[in-house]
Number of protein chains: 2
Amino acid sequence: MPRLATGARERILEATVVLLREGGLSAAGLNEVVARAQAPKGSLYHYFPSGKVQIVGEALAVYAPCVASAIRAALHTRHPRSHRIRRLFADTAKRMQASGWLQSCAVGAVALDLGDGDDDRQLRSQCQAILRQWATLAAEGLPELPPPHAAAAGRYLITVLEGAQLQARLQRSAAPLREAAAAFDIYADSVARSIDGPIDGPIAS
Amino acid sequence: MPRLATGARERILEATVVLLREGGLSAAGLNEVVARAQAPKGSLYHYFPSGKVQIVGEALAVYAPCVASAIRAALHTRHPRSHRIRRLFADTAKRMQASGWLQSCAVGAVALDLGDGDDDRQLRSQCQAILRQWATLAAEGLPELPPPHAAAAGRYLITVLEGAQLQARLQRSAAPLREAAAAFDIYADSVARSIDGPIDGPIAS
């Protein structure tokens, strides 16, 4: 029973990530978190004295490096660019399918829930920083496009990835992610050609 | 006092659209709708006997044609393609900015909240149909790309528009929408060139 072997703190964060991916900020109510984590309510206040904003913030901090790793694993390789881009979107599709298409990006789901309270502002900064970091990693994974082309392409790749997850979730299908990968590759190819850079060069590592 | 001149039914749907754009399904709780609409709670049950799923469904049905009109106004013109695409994203930015960057696409926000209950399934079908309709309108606004290129480009345009709204909302800035428009145009240009079609032909109307 591996779940019982894990500490309550870890279970709470893990449950919060799942709830955020399912339904954003509003799905990660304290009662829902406790129920999903199978943790006593007291442990919530013990480990996260600042309440929901702390739990969500720490859960996003756990989630962000997982996506960063996935971006690195897909893009920071020596495969041709189309292969690397297709892999990023295919890996995302696999994770979504494994959840029965009920989970997508936690940051994306939180982004569309944010109001203008103090907690929202804090989480907005964090979400912004996470997407910026992913975009930088994506740009580093597109070395065919020297800066500033790569920087803009990295940001755009994250935009496309978020939009495609939203569509994939509605369609319960990998098709929107496949289509988005193909379309992004056409864009990247055009940008690479326009600057006379190598089209599918390996990444400098 | 124009709000008092409008009927309770219309006020409820209008308030629900705003709440969905702000925070998706979970933001549009019945209490929130009643408060925002300044409508008596009884009117909710009177006009929408099936409850939340009916209110949200009808609100999405009110919202969808507004976006469809915006797509037509931007894309179904005789301007060059880059101009048409930029206008679609710029109009979206204007609507978001007018809300203090607190509102984005209602369908996108709902999409990232959906579970697998009966109500969720019903709303998912509706959201899917709406995005499909917008994609068809977008494809018709890209007559440089004959089918099936136009159909895929139309779907991709909606994907990019949803992702860019998510980013714009986090950054509270039109920049992600501007960047996405430029990148989508590079893609569309490349597809148009690859099939030897006219690059910036007027739409057949």
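Mentor: Let's take the lining of the largest pocket: nine nonpolar residues, five polar and three charged (Ala, Val, Leu, Ile, Met, Phe, Trp, Tyr, Cys and Pro count as nonpolar, Asp, Glu, Lys and Arg as charged, the others, Gly included, as polar). Bear in mind that this is a predicted model, where local features need pLDDT of at least 70 and side-chain atom pairs 80 or more, while lining totals use all residues. Residues are numbered from 1 along each chain, chains are lettered from A, and hydrogens and water are left out of side-chain values.

The pocket holds about 270 Å³ of space. Among its 17 lining residues, Arg132(A), Ala135(A), Arg155(A), Gln167(B) and Gln171(B) come closest to the centre. A pocket here is an open set of 1 Å grid points where a 1.4 Å probe fits, with protein on both sides within 12 Å along at least five of seven lines; lining residues have an atom within 4 Å of a point.

H8(A) gives the largest share of the lining, six residues. H8 (118-140) and H9 (149-171) of chain A, plus H9 (149-171) and H10 (175-194) of chain B, each supply at least two; helices are DSSP runs (H or I) of at least four residues.

Two of these helices also meet: the axes of H9(A) and H10(B) come within 10 Å and cross at roughly 100°, which makes the pair roughly perpendicular (65 to 115 degrees). Ala152(A), Arg155(A) and Tyr156(A) touch Glu179(B), Ala180(B), Ala183(B) and Phe184(B), contact meaning heavy atoms within 4.5 Å.

Note on methods. Grid points are joined across faces, edges and corners, and a volume is the space filled by probe spheres set on the points. Axes are lines fitted to C-alpha atoms, for helices over the stretch in contact, and angles run from 0 to 180 degrees between N-to-C directions. Angles under 35 degrees count as roughly parallel, over 145 as roughly antiparallel, 65 to 115 as roughly perpendicular and the rest as oblique.
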